[in-house]
Amino acid sequence: MGNRVPREDYEWVYTEQPHADRRKEILAKYPEIKSLMVPDPRLKWVVCMMVVVQFLAFYLVKDLSWKWVMFWTYVFGSCINHSMTLAIHEVSHNTAFGNNRAMWNRYFAMFANLPIGLPYSASFKRYHLDHHRYLGGDGVDVDIPTVFEGWFFCTRFRKFIWIILQPLFYAIRPLCINPKPISQLELTNVVLQLTFDILLYLLWGTKPVVYMLAGSMLGMGLHPISGHFIAEHYMFLKGHETYSYYGSLNLLTFNVGYHNEHHDFPSIPGRRLPMVKKIAAEYYDSLPQYTSWVKVLYDFIMDDTLSPYSRVKRKLKGDVKQE
């Protein structure tokens, strides 16, 4: 199904990532942007509401037939759970309680993790900050697919399967590229999550657990929202390694689509990223951007020049300080 993608390696570059220099230039011209670098007071309440909504959904699906459990899992649960992963992304930048209360953010992320079903938040924090600091860094940035992924998923059908299996590859990729010793916070995350999952099963049975876990897997696989995984950094245009999306799904994803803006200013909460674009419009309006994540998924599969290898990668110089 489709020709084999001719690309046999990543796009290796020998320049620094563009975000640090652009950040300095924008702040020199628009110092008022610094006023946006404060916690979002709404974030914790939005996250609490989403957790409560999923708890209510767990209760409601326990008496449904299996066909309706799976229907609502994909139509509703997958959207909420994917959105929860992006809430955790927000909290990983200390935007819920600020840098002075870093541990509050860590434990709040574990609370937000509960409806997802799989312990995720503590490990995500460690690797995600490396992704920002060393974007495309060989052996450090685990957002870059492995050599196996680039080699094997090289036809349209295989790319389709790869997108379905995105949650699996995001889970195992750190173990292959940049394994780290397990931290105390990660152990706490695992214990809290497994305790919650067991209690959910004992209280309401199998169906809520299936709704929870399948919702997470489906929502991060072949799903409209999961288009952001491809849209953010896959090189659709040579020379561009980060892309923004300004469509309506930002309403469900804490504005993660404003991805150039986010990498330029990771300490600014997602809710304020449109303000960054408005203030410094001349820096962002001319950059490549998307209006549909569904089209991104379709184009990635159908374009025989694109594959998991379509990522900018660089060798890191000097001391690498990881989380």
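Questions and answers on annotated spans and nonpolar cores follow.

This is a predicted model in which local features need pLDDT of at least 70 and side-chain atom pairs count only at pLDDT 80 or more, while totals for chains, interfaces and linings use all residues. Residues are numbered from 1 along each chain as its sequence is written, and side-chain values use heavy atoms, with hydrogens and water left out.

Q: Which residues does UniProt list under "transmembrane region"?
A: The unreviewed UniProt entry lists 43-61, 68-87 and 107-124. Such annotations may be inferred rather than shown by experiment.

Q: What makes residues 43-61 a helix span?
A: Helices are DSSP runs of H or I with at least four residues, numbered from the N terminus. Residues 43-61 are 100% helix and 0% strand, with end C-alpha atoms 27 Å apart.

Q: What is the helix content of residues 5-43?
A: The chain there is 31% helix and 8% strand (strands are E runs of at least two residues), and its end C-alpha atoms are 42 Å apart. UniProt, in an unreviewed entry, places "domain: Sphingolipid delta4-desaturase N-terminal" at these residues.

Q: Why is a set of residues called a nonpolar core?
A: The name applies because its members are buried Ala, Val, Leu, Ile, Met, Phe, Trp, Tyr and Cys residues joined through side-chain atoms within 4.5 Å; buried means under 20% relative accessible area with a 1.4 Å probe, protein chains only. The largest core has 39 residues, and Val47, Met84, Trp162, Ile230 and Phe300 touch the most other members. Helix H3 gives the largest share of this core, 7 residues.

Q: Which residues does Met84 touch?
A: Leaving out residues up to four places away in sequence, Met84 touches Val47, Met50, Val51, Ala112 and Ile116, where contact means heavy atoms within 4.5 Å.

Key:
Buried < 20%, exposed > 50% of the residue type's maximum accessible area, 1.4 Å probe, protein only.
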